[in-house]
Amino acid sequence: MKRFVEALRQSRMLLAGVVLVSAFTVIGALAPWVAPYSPSAISGDTFERPSRAHLLGTNDAGADIFSRLVWGTRTTLVVAVCATALILAVGMALGLTAGLRGGLADTVVMRIADVFLALPVIPLLIFIAALAGPSLTLSILMIGLFTWPQTARIVRSQTLSLRQRGFVDIARGLGGGPLYVMRRHLIPALGPVIGANLVFVAGVAVTTEAAMSFLGLGDPSAVSWGAELNRALQNDQITLGSLWLWWMVPFGLALTVAILGFTLIGVALEPRFNPRWSRAQT
Amino acid sequence: MNRIAEPAPADLDRAGTTVAEGAIDLLVTRSPQRRSRWVAVGAYLATVFVLITFNFALPRLMPGDPIDALMAFGSPNYVDDDETRANLARYYRLDESLPEQYLHYLQGLARGDLGVSVVTNVSVTEELGDRVGWSFLLIATATGLSMLIGLPLGVHSGWKRGKKLDRGLLGFFLAVQNLPIFILGAVAFVVFSAQLGIFPSGGATTPFNEYRGIAEVLDIARHLALPAILMAFDFLTYQYLVMRSSMVSELGSDYLLGGRAKGLRERRLKYGYAARNALLPVVTVIGLQASVAVGAGLIIVERIFSYPGVGGYMFYAIGTRDYPAMQGAFLVLTVTVVTTNLLVDLLSRRLDPRTAS
């Protein structure tokens, strides 16, 4: 934590990223209080222009666009948090197993990771969502299922290098069980590297969910930025007048800024926590 | 002379260098270096097998079967008759056991048979064959465009490492590296096609046109322009980042010092020596990008602009619940992705003895 505050003070990029992501987190958490209307309620005529009552006008169903924008933040956050947690769990479990057990377990896990890494994720997600019927849970599960290999690889290589340093052997020699060594020695040492990786993963999860719902394969009942962008694009009225200015642009901007936030944090953290960095400096 | 060797102090630059180096690591050595060529081929075959099996198994794992979709209430094929249903099941071999079905499916694939579209009753292989060309044209144009811009930018930026222009470009491309293509795509479509009418609003040619010769080429180019520019923008970022970082790693090399001592011109050192040596990892990245694009960008861009390629076909098939067409498009897209990856891997081993080791 102290290291993080230090880093925050040193890098403006990190600070900007953290501010952006925190802002979205607050807006998402407080959605019911920030949004003036329910996102699905018919709160006005269809296609109203922006006014004091409707900051960004209303959409084709007469729902308040600003409220949908605010509630969409929540969907984005839910996906980011759940998918990242899932990837963390799977990636840690498999990466630690491969790194600690070595031998056959290592080979098997890493070969499976190779195959998963080579699979084209977006077509697979589209295929599965088209067959199974889209839902938010499915999106999260699928994103987790296809994004873990990168995290697992990082955990494994870090574990391997930590094992070389002796303190793991000493702890084992003094009678520490594998779970104890993992909890007490490995996970704290792995923390920063995995933290930096997870920020990237969260960004990937947000992008993937947005792309899926933009393609019409997200949860039809969830209010999502990607889905609203698609809804606007599919509507004939979008080509007339300046409706796109307040119906499409805000959702595109929100997504851009959110992804930018994750990218900034990732770019700023990487050289600090990436073991490759020390090598690159010499 | 020291200029090229001195490390840039800027925080931004240091971060950028590592991220771009990370990108190289991720893209170029995604198959770890010590892996032999045969392991790479083995992993490729395993992946193709997994994809084929997914393609076979996933529709069968889902609730309902293709006939339910075919006979769904409200579909033009709606039949509420058990005998017809049984006949259909026999026709599509759904009455066989799963292993038998799988065997027949593999046999069909070996003959290049992807089944028959439920909607058009035309062989899926044939329908896809008509569309592969358009997708290829789109990707090739986008790759060419992005190389034209991204590579010179990367070379120049890396050569002038730490200078104002370099820092500006690097900051920009680092910030936009993860932006999904569909945001810009959707807005560009509305602004340029719908509002301003500069570009046509979809398709690859004007329907029912009678253009010949130059006019026909122009018509195709007009339809191609906007989707290709968007895709090129998507490619540009990584090409720039990798070209720049590869260029930076050449700075301070002995051969540059030697060339300088010999009195070679700056231009010659920059393009004839450093850029030529720095190009290798970029070639790999360009190849891998094409494969990533087939997997994601192509589907999205073709959907926004109703471009009649394989990705658009997949979406049409999903909309009409045309299972054989969906499976065919999925298989063609995914197998193209992994095959391109393998070819790039093998090519980079051949080009660069260091990766082959």
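User: What counts as a salt bridge here, and at what N to O distance do Asp106(A) and Arg156(A) meet?
Analyst: A salt bridge is a side-chain nitrogen of Lys or Arg within 4 Å of a carboxyl oxygen of Asp or Glu. The model is predicted. In it, the side chains of Asp106(A) and Arg156(A) form such a pair, N to O, at 2.6 Å.

User: Which helices hold Asp106(A) and Arg156(A), and how many residues apart in sequence are the parts they tie together?
Analyst: Asp106(A) sits in helix H5 (residues 103-118) of chain A. Arg156(A) sits in helix H7 (residues 136-163) of chain A. The pair therefore ties together parts separated in sequence by 50 residues.

User: How many salt bridges are there over all chains, and how many between chain B and chain A?
Analyst: Over all chains, the count is 7. Between chain B and chain A, the salt bridge count is 0.

User: How much area do chain B and chain A bury between them, and what percentage of it is on carbon and sulfur atoms?
Analyst: The contact draws 55 residues from chain B and 52 residues from chain A. Residue pairs in polar contact between the chains, both at pLDDT 80 or more, number 1. The buried area is about 4500 Å², and the carbon and sulfur part is 77%.

User: Which element gives the largest share of the side of chain B that touches chain A?
Analyst: By class, that side has 36 nonpolar, 11 polar and 8 charged residues. Elements giving two or more residues include helix H2 (37-61), helix H7 (164-176) and helix H14 (323-351) of chain B. The largest share, 10 residues, comes from H1(B).

User: Where does H11(B) bend, and by how much?
Analyst: Helix H11 of chain B covers residues 266-295, which is 30 residues. At 1.5 Å a residue it should span 44 Å, so the 41 Å between its end C-alpha atoms agrees. The bend falls at Ala275(B) and is about 45 degrees.

User: How many helices and strands does chain A have?
Analyst: The C-alpha atoms of chain A fill a box of roughly 75 × 45 × 35 Å along the principal axes. Its count is 13 helices and 0 strands.

Definitions and conventions
Residues are numbered from 1 along each chain as its sequence is written. Chains are lettered from A and ligands numbered from 1 in the order in which they are written. This is a predicted model: local features need pLDDT of at least 70, side-chain atom pairs count only at pLDDT 80 or more; totals for chains, interfaces and linings use all residues. Side-chain values use heavy atoms; hydrogens and water are left out. Contact means heavy atoms within 4.5 Å. Buried area is the accessible area (1.4 Å probe) that two parts lose on being put together, summed over both. A polar contact is a pair of N or O atoms within 3.5 Å; within protein, one must be able to donate a hydrogen and the other to accept it, and residues adjacent in sequence count only if both atoms are side-chain atoms. Helices (H or I, at least four residues) and strands (E, at least two) are DSSP runs, numbered from the N terminus. Ala, Val, Leu, Ile, Met, Phe, Trp, Tyr, Cys and Pro count as nonpolar, Asp, Glu, Lys and Arg as charged, and the others, Gly among them, as polar. The expected span of a helix is 1.5 Å times one less than its number of residues. The bend at a residue is the angle between axes fitted to the seven residues ending there and the seven starting there.
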